[in-house]
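Subject: Protein chain, model and notes

Hello,

The structure is placed below, and my notes on it follow. Please read them with the model open.

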Amino acid sequence: MMTRQKVVRRIFDWYVNDNVSITGISTRLNENGMRKTPRGNGNQSFFTPYAVKKFIENPVNAGKIRYEIRKSTLAEDYVYKPNAQDDYKVYEGLHEAIVDDETFQRAKERRDHESFAFPCKRIIM
């Protein structure tokens, strides 16, 4: 069984060097019998495209830490909402990086280039 570090390195290698799509990466991981540990209230041990995307976007894999990823906002009552990725702070961590900063930045550039919001299809009258 592969360690989490090896799986993360393989994800970044396929994404950055082999130009494999996020869906293609999740398919490859699942076909090769790789599984992830379900976290929180999740019960899926297989890799979904969403899970692969989160691995690629997570600066913790590049030896960083995120601060203020969730902040309290006042609505009806106090509700925890995730900050947008550009709004939270990222600092150097004390832990060892799984992927080097250059690889992480190349993956980020590809994600930024390929990501787009779907247009709203709802017609308001």
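A residue is called buried here when its relative accessible area is under 20%, exposed when it is over 50%, and partly exposed in between, with a 1.4 Å probe and protein chains only. By that definition, 29% of the 125 residues in the protein chain are buried.

On provenance: this is a predicted model, in which local features need pLDDT of at least 70, side-chain atom pairs count only at pLDDT 80 or more, and totals for chains, interfaces and linings use all residues. Residues are numbered from 1 along each chain as its sequence is written, and side-chain values use heavy atoms, with hydrogens and water left out.

Overall layout

The protein chain has four helices and four strands, in the order α-α-α-β-β-β-β-α along the sequence. Helices (H or I, at least four residues) and strands (E, at least two) are DSSP runs, numbered from the N terminus. The accessible surface is about 9,500 Å², and 51% of that belongs to carbon and sulfur atoms; the areas come from the Shrake-Rupley method with a 1.4 Å probe, and for residues only the protein chains shown count as cover. A contact means heavy atoms within 4.5 Å. Among contacts between residues at least 6 apart in sequence, 58% join residues at least 24 apart.

The core

In soluble globular proteins, nonpolar side chains tend to be buried together. A nonpolar core is taken as a set of buried Ala, Val, Leu, Ile, Met, Phe, Trp, Tyr and Cys residues joined through side-chain atoms within 4.5 Å. The largest one in this model has 21 residues, and those with the most contacts inside it are Ile11, Tyr15, Ile25, Leu29, Phe47, Val52 and Ile56. Helices H1 (4–17), H2 (22–31), H3 (49–57) and H4 (101–114) each supply at least two of its residues. H1 gives the most, with seven residues.

Beyond its neighbours within four places in sequence, Ile11 is in contact with Ile25, Leu29, Val52, Phe55 and Ile56. Tyr15 lies in H1 and is buried, at a relative accessible area of 0%. Not counting residues up to four places away in sequence, Tyr15 touches Val20, Ile22, Ile25, Ile56, Ala107, Arg110, Arg111 and Glu114. Tyr15 and Ile56 are 41 residues apart along the chain, and their C-alpha atoms are separated by 8.6 Å.

The buried residues of H2 are Ile22, Ile25, Ser26 and Leu29. Seen down the helix axis, they fall within an arc of 95°, so they line one face of H2. The arc is that of the directions from the helix axis to the C-beta atoms. H1, H3 and H4 are among what covers these residues.

H4 has 14 residues and reaches 20 Å from its first C-alpha to its last, close to the 20 Å expected at 1.5 Å a residue; the expected span is 1.5 Å times one less than the number of residues. Its buried residues are Thr103, Phe104, Ala107, Arg110 and Arg111. These fall within an arc of 125° seen down the axis of H4, so they line one face of the helix. They pack against H1, H2 and H3. The face turned away from the buried side carries the exposed residues Glu102, Glu109 and His113.

Most residues other than glycine have a negative phi. Asn19 is not a glycine, yet has a positive phi of about 60°. Asn19 is found in the loop between H1 and H2 and counts as exposed, at 55% relative accessibility. Just after H2, Gly33 also takes a positive phi, of about 75°.

Gln44 lies in the loop between H2 and H3 and is partly exposed, at 37% relative accessibility. Leaving aside neighbours within four places in sequence, Gln44 is in contact with Lys36 and Pro38.

Lys64 lies in strand E1 (residues 64–67) and counts as buried, at 14% relative accessibility. With neighbours within four places in sequence again left aside, Lys64 is in contact with Pro59, Val90, Tyr91, Glu92, Gly93, His95 and Asp101.

Regards
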